[in-house]
Amino acid sequence: HDSVVQFLAGLGFRLEALKRSPAVEGELAESLDDLKDTVMTEQRQLRAFIRGLRTGKPIALHELARDCASLCELLARQWSIDCSCDYKSGRAWVSLRTQLEVHHLVREAVANAVRHGAATQVTVAMRAEQDRLCLAVADNGRGFAPSAKAEEDIPLPSSLRGRVRELHGELEIRSAKGEPAVVIRLPLDEAGWPRESSSSTIL
């Protein structure tokens, strides 16, 4: 449900911008078409998850990266920003739960960057590190404010922290004006999963 909340928040962000801008009829029609495409893309994402739930099969890391690239296109339209996915090839398989959680984590990290950091550019980097999946969400926003107790202490977003903890992962916040980043490392368990074919397509 968190992803739906973030999706609706993004739509509200866009609609508020439209309301405040003196858009002519043609521009308004184009923006509404863009919103319609966003909704349709979201529907396709949901259908893909439903198919995954029915089969219960894990997916290859390069497929998750392709899925993430599609999500970044959706988030770019949703928040009116430049959002892209950078993938370094590697052989690994991820469970359906990990796939779903990656979607939640990327959505939330991007939403935080836009809503709290005023970011206009976000890059999601994905790669395999031995037995871990590393996600680095970097942006050009104003970064994270240090806590009042110590300037070097950066407060971890509570929802992200909770999700990562449940997955037995690690969360790191790098804060610097113009180049802040959220780095998430999740464990990969390949025991009993099919081996990736050498002919698999890599992004």
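A crossing of two helices is left-handed if the near helix is turned anticlockwise from the far one by less than a right angle, and right-handed if clockwise. Keep that in mind for the last stops. The model on screen is predicted.

**Stop 1: the sheet.** Show the strands. Five of them form an open sheet in the order S2-S4-S5-S7-S6, and the pairing is mixed. Now colour S2 (82–87) and S6 (170–174). These two strands stand at the edges, each with a single partner strand, so one side of each has no neighbour in the sheet. On average, neighbouring strands here are turned by 15° against each other, direction ignored.

**Stop 2: S2 and S4.** Select this pair. S2 and S4 run in the parallel sense and share six bridges. For one of the pairings, pick Cys 83, whose bridge partner in S4 is Val 122.

Stop 3: Move on to S4 (residues 121–129) and S5 (residues 132–139). The two strands are antiparallel, and eight bridges join them. Pick Ala 125: Ala 136 of S5 stands opposite. Then go to Glu 129, which has Arg 132 in S5 as its bridge partner. S4 and S5 form a hairpin with two residues between them. Which residue in the turn has a positive phi? Select Gln 130; its phi is about 55°.

**Stop 4: H4 against H5.** Two packed helices are described by the angle between their axes and the distance between the axes. Keep H5 and show helix H4 (residues 96–115). How do their axes cross? They come within 10 Å and cross at roughly 160°. Angles over 145 degrees count as roughly antiparallel, so H4 is roughly antiparallel to H5. H4 passes H5 in a left-handed crossing.

**Stop 5: the helix contact.** Show side chains on both helices.

- From H4, select Arg 97, Glu 101, His 104, Leu 105, Glu 108 and Asn 112.
- From H5, select Ser 159, Leu 160, Arg 163, Val 164 and Glu 166.

These residues make the contact. Colour them by class: the contact of H4 with H5 has three nonpolar, three polar and five charged residues.

Terms used
Residues numbered from 1 in each chain as written. Predicted model: local features only at pLDDT ≥ 70, side-chain atom pairs only at ≥ 80, totals over all residues. Heavy atoms only, no water. Pairing = 2+ DSSP bridges. Helix = DSSP H or I, 4+ residues; strand = E, 2+ residues; numbered from the N terminus. Axes fitted to C-alpha atoms, helices over the stretch in contact; angles between N-to-C directions. Parallel < 35°, antiparallel > 145°, perpendicular 65-115°, else oblique. Contact = heavy atoms within 4.5 Å. Nonpolar A, V, L, I, M, F, W, Y, C, P; charged D, E, K, R; others polar.
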